[in-house]
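Open the model in your viewer and follow along. Each stop says what to select and what is there.

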Amino acid sequence: MRTRTGWRRALIGALASLTVVLGSTAYGGTGASAASGAAGAGTATVTNSSQNTASTKTAARAAAVSSAAPVAVTRWTQTSEAGDPVGQGSSLAYTPKTASFTVSGTAEYVRIRVMPSDISYWDVEFAAPHGDELTPGVYTRAEGAAVRTGHAPGLSVIGEGRGCGDTYGQFTINQIETDASGAVTVLDASYTQRCGDATAPALRGSFKYHALPLSYSYSADPGSTFAQHAIAASSTHTGGSSTFALTPSAEGVQYMVSGMREYWEMSLEPPTGERFEAGRTYPIAFSSSEDVAGVVINVSAYGCVRTVTGDLSFTRLTRDDDGAIKAFAATFTLRCDGTDPALHGTIHHYA
């Protein structure tokens, strides 16, 4: 695991001193040595909205170089199909305002407990194959977390005294971070659990714990240069499928996304003599000039040939102590070579 430093630590204050994993790993029954992990190493609890609000305000003040600093999210949602014995057809959604959240364990085996009241709770457990650690990726053929066999990953969702006798499931880890002791401090995951059979009614959920948005989505109008070379007319890359890289360049950034058989490269440079600012929309061209941002975008080595037109808007932006961009959220519309069909995109890099 790689360690993220200052800017993120300032961003989520006392919740930080974190380690981040940005790789992409798929498991379908291959490769791990036999060993066993168990939840219970480190434990962190968010108990009420006033604590969460105070933490968020402190983090925002510490990290806000712009007027729109990123804010970490803690949230759990779950839906159950009719006939699912655990969820019993219900739909649930909780935040720290409506329930307490406890995360315990390590990247080998992590347990989330959501308690809407003193007598009501839900447990969600994610386990890596024996001997491995959870990293961003898609984990298929999951068995019950505490009873998984061979190289299978583990998933267990238990609530109101109900659980699966035999679990068939899969889950996606979009983000996971640990502190120096190995305790999980950031988690973004989704899951599907079926009881007794791989075609049984599904229980689906999504859990975020101190997570910041990390994704790239796009849509390409028919006839655009990018529609011809992208894998799909529209798609969304997340930590479960793709890797992301941001490198500061002068006052701008180089941004790269790799995943789902695509490789996106972007160079974003501010107008001459300026710095990018949150809340502003910039007209774009191949090269920056006065009042115009320079934008070059390629997918798998293909992009505009002669000219670029459109616009670029930053909604959130955070810089480190040296002024380099470390986190941002932006949208863009880009047209190649004077044509009307456009590429539309939205970027969330920890913002």
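**Whole protein**

Start with the surface. The accessible area of the protein is about 14,800 Å², and 49% of that belongs to carbon and sulfur atoms. This is a predicted model. Now switch to cartoon view: the protein has three helices and 25 strands. Of its 351 residues, 49% are buried. Next, show contacts. Among those between residues at least 6 apart in sequence, 59% join residues at least 24 apart.

**Colour by confidence**

Colour by pLDDT. The mean for the protein is 85, and 81% of residues reach 70 or more. Select residues 1-37: pLDDT stays under 50 there, and the model gives this stretch 106 contacts beyond four places in sequence. Then select residues 48-67. Here too pLDDT is below 50, with 22 contacts in the model beyond near neighbours in sequence.

**The cores**

Select Tyr216, Phe226, Trp264, Phe328 and Leu334. These have the most contacts inside the largest nonpolar core, which has 40 residues.

Zoom in on Phe328. Which residues does Phe328 touch, leaving out those up to four places away in sequence? The list is Leu246, Val253, Tyr255, Leu268, Phe314, Arg316, Leu317, Ile347, His348, His349 and Ala351.

Last stop: select Trp76, Ala99, Leu134 and Val157. They are among the 31 residues of a second, separate core.

Terms used:
Residues numbered from 1 in each chain as written. Predicted model: local features only at pLDDT ≥ 70, side-chain atom pairs only at ≥ 80, totals over all residues. Heavy atoms only, no water. Core = buried A, V, L, I, M, F, W, Y, C linked by side-chain atoms within 4.5 Å. Buried < 20%, exposed > 50% of the residue type's maximum accessible area, 1.4 Å probe, protein only. Contact = heavy atoms within 4.5 Å. pLDDT = per-residue confidence, 0-100. Helix = DSSP H or I, 4+ residues; strand = E, 2+ residues; numbered from the N terminus. Areas by Shrake-Rupley, 256 points an atom, 1.4 Å probe, with all protein chains shown as cover.
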